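Notebook open, model loaded. I want to look at how the parts of this chain meet, and then at one side chain.

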Amino acid sequence: MTASEDKFTRQTLLEVWPWTDTLFSLRCTRPPEFRFRAGQFARLGLGKADGSTVWRAYSMVSAPAEEQLEFFSVVVPGGEFTSELCRLKPGDALFVERQPYGFLTLERFPDGRDLWLLASGTGLGPFLSILRDPEVWRRFEHILLVHSVRTAGELAYREQIAELPARMQAPGGREQLRYLPLVTREKVPGALHERITALLDSGALERAAGLPIEPAHSRLMLCGNPQMIKDCRALLKARGLQPSLNRQPGQVAVENYW
């Protein structure tokens, strides 16, 4: 991917912190003119030794009103971009395209009572941005955040998630947000122990949440592993939940930049 200089800005890395050996988050300065909706992503660029720039798409973890940009990343073995990104230190340069992208936003749903956010791995990123924005707390009576990972150490942002209802002054109090962690490769107290698709198929996910998934009230966003998204979409379609399109509102929205 290439981008002319008038399409990006040069920003400064402020902080990098690890969650595991392969998961980390970073924060950088934000261009004053950069505007985005919660759930969208940016294209980030890194300069290489040969003078070229490599670009990748990353969802904003930060809310639209925050002064800095935050991102959540996994180190891809041998990856041209992430192997360099994880080595950056505060003060290093990071390029950010001026235009945000993506349609995994609340605008996809004109109605609905219960918002289900189904994420695997770093697919959690855009949902954190949505949860840091006051709009979601005003619009939905129940918010259910499902995060599937392989090991307990990969359950990033757990403390921040627990603090969100108080931080956002949730009108429904602490009960408005229900956080359902899934750990597939080890048993962890307080976490479910099967894949999202298996729990969705058996009804165990709804039992754990204490709410049904139904076309009349449920709106679902999916972000993460492409196979997970494909399988979940098929299961939801079989239950009468349809994709939400520009001219045909439905109950399911996904992010396709993977």
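Which domains does the domain assignment give for the protein chain? I find domain 1 (8-97) and domain 2 (106-256), with bounds that come from an automatic or database domain assignment.

Ground rules, before I go on. This is a predicted model, where local features need pLDDT of at least 70 and side-chain atom pairs count only at pLDDT 80 or more, while totals for chains, interfaces and linings use all residues. Residues are numbered from 1 along each chain as its sequence is written, and side-chain values use heavy atoms, with hydrogens and water left out.

I looked up the C-alpha centres of domain 1 and domain 2 and got 24 Å between them. Domain 1 puts 22 residues into the contact and domain 2 puts in 18 (contact means heavy atoms within 4.5 Å).

Next I checked the area. The two domains bury about 1,500 Å² between them, with 59% of it on carbon and sulfur atoms; buried area here is the accessible area (1.4 Å probe) that two parts lose on being put together, summed over both. On the domain 1 side, Trp19, Val61 and Phe72 lose the most area to domain 2, and together they make up 35% of what that side buries.

How many salt bridges does the rule find across the interface of domain 1 and domain 2? I get 3, taking a salt bridge as a side-chain nitrogen of Lys or Arg within 4 Å of a carboxyl oxygen of Asp or Glu. I also noted a salt bridge between Arg167 and Glu66, whose closest N and O atoms are 3.5 Å apart.

Polar contacts came next (a pair of N or O atoms within 3.5 Å; within protein, one must be able to donate a hydrogen and the other to accept it, and residues adjacent in sequence count only if both atoms are side-chain atoms). I have 7 residue pairs in polar contact between the domains, both residues at pLDDT 80 or more.

Strand 5 (68-74) and strand 2 (23-29) each supply at least two residues of the domain 1 side. Strand 5 gives the largest share, 5 residues. I took strands (E, at least two residues) and helices (H or I, at least four) as DSSP runs, numbered from the N terminus.

**Entry: Gln176**

I then went to Gln176, in the loop between helix 4 (158-167) and strand 9 (177-183). Is Gln176 buried or exposed? Gln176 is buried, at a relative accessible area of 3% (buried means under 20%, exposed over 50%, partly exposed in between; 1.4 Å probe, protein chains only).

The side chain of Gln176 reaches the backbone oxygen of Phe140 at 2.9 Å, and a polar atom of that side chain lies 2.9 Å from the backbone oxygen of Trp137. Leaving aside neighbours within four places in sequence, I list Glu141, His142, Ile143, Ala170 and Pro171 among the residues in contact with Gln176.
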